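Biologist: I would like to learn how to read a protein model. Please show me the structure and start with its overall form.

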Amino acid sequence: MITVTPLPAFSDNYLWLLHCNGQAVAVDPGDGQVVQAALRERRLRLAAILVTHHHPDHIGGLPTLLRGWDPPVYGPRAEAQLIPGLTRLLDDGDRVTIPELGLAFQVLAVPGHTLGHIAYHEAAEKLLFCGDTLFVAGCGRLFEGTPQQMYASLQRLAALPGDTAMYCAHEYTLSNLDFARQAEPGNFAIGAEIERVRELRAGRQPSVPSTLRWEQSFNPFLRCMEPVLAKSAGAHAGQPLVEAVEVFAALRQWKDGYKSALP
Ligand SMILES: [Zn+2]
């Protein structure tokens, strides 16, 4: 049985540690000290590292970890120049097997936040590590890709089985939900989720993971076909929006300048 432990880091990152039988996999180790401390505390051996994209808060801990360990370091081939320490370069459709933990991940290319961003899906354990592509009630900013690319990437993730647990890399949920209720007034699933997450956060618990099915009910970036969202995004953009991808682009732009009333 695999345990997935969130390791909070920086102001709002989660580094994910998967472990079982004394063996561990670290996902997006932005802070090496945090991962190292967790390994020591639980007496785990680092069997592999998975990286989703090149941003420093996802890879900054690699030098520290690689001084003490010699695991395979998996990450996107398209960003290999930007990620010192990668040893296994991945493309869309590749498989990553980690026999020490009995895990087999399918690699999905999900460009948008960065151009080479990848996600890792473990079908048997129903786990998805999607970095900064999909967030609970939100999605990543478009630093490198186009709205078309990001929309297609989100659709790919949304097409995975609904009971897949979605592990994203940041605790942005309450501010995302605040935007979601502005964008789609009248969606009761948003209010229910705000209550659930407020309670979790009051107890200092992470709101992550979510499930893909659950996300479909309140995440505006997965609901671009909804007429209410098309209407509110169109009102914000100052023009009627027809295609889902246009609604997505307008929502993302609106969110970029949105000041949340929730933390
Ligand atoms: Zn990022």
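Modeller: This is a predicted model, in which local features need pLDDT of at least 70 and side-chain atom pairs count only at pLDDT 80 or more, while totals for chains, interfaces and linings use all residues. Residues are numbered from 1 along each chain as its sequence is written, and side-chain values use heavy atoms, without hydrogens and water.

Biologist: What is the radius of gyration of the protein chain, and what would a compact globule have?

Modeller: The radius is taken over C-alpha atoms, and the globule rule is 2.2 Å times the number of residues to the power 0.38. For 263 residues that rule gives a value near 18 Å, and the protein chain agrees, with 18 Å.

Biologist: Which protein donors does the zinc ion have?

Modeller: Donors are N, O and S atoms within 2.8 Å of the metal (3.2 Å for Na, K and Ca); water is not among the atoms, so sites may look incomplete. Here they are His 53 (NE2), His 55 (ND1), His 113 (NE2) and Asp 132 (OD), at 2.1 to 2.3 Å from the zinc ion. Their spacing along the chain is H-x1-H-x57-H-x18-D.

Biologist: Are His 53 and Asp 132 buried or exposed?

Modeller: Buried means under 20% relative accessible area, exposed over 50%, and partly exposed in between (1.4 Å probe, protein chains only). His 53 is buried, at 0%, and Asp 132 is buried, at 4%.

Biologist: How much of the protein chain counts as buried?

Modeller: Of its 263 residues, 55% do.
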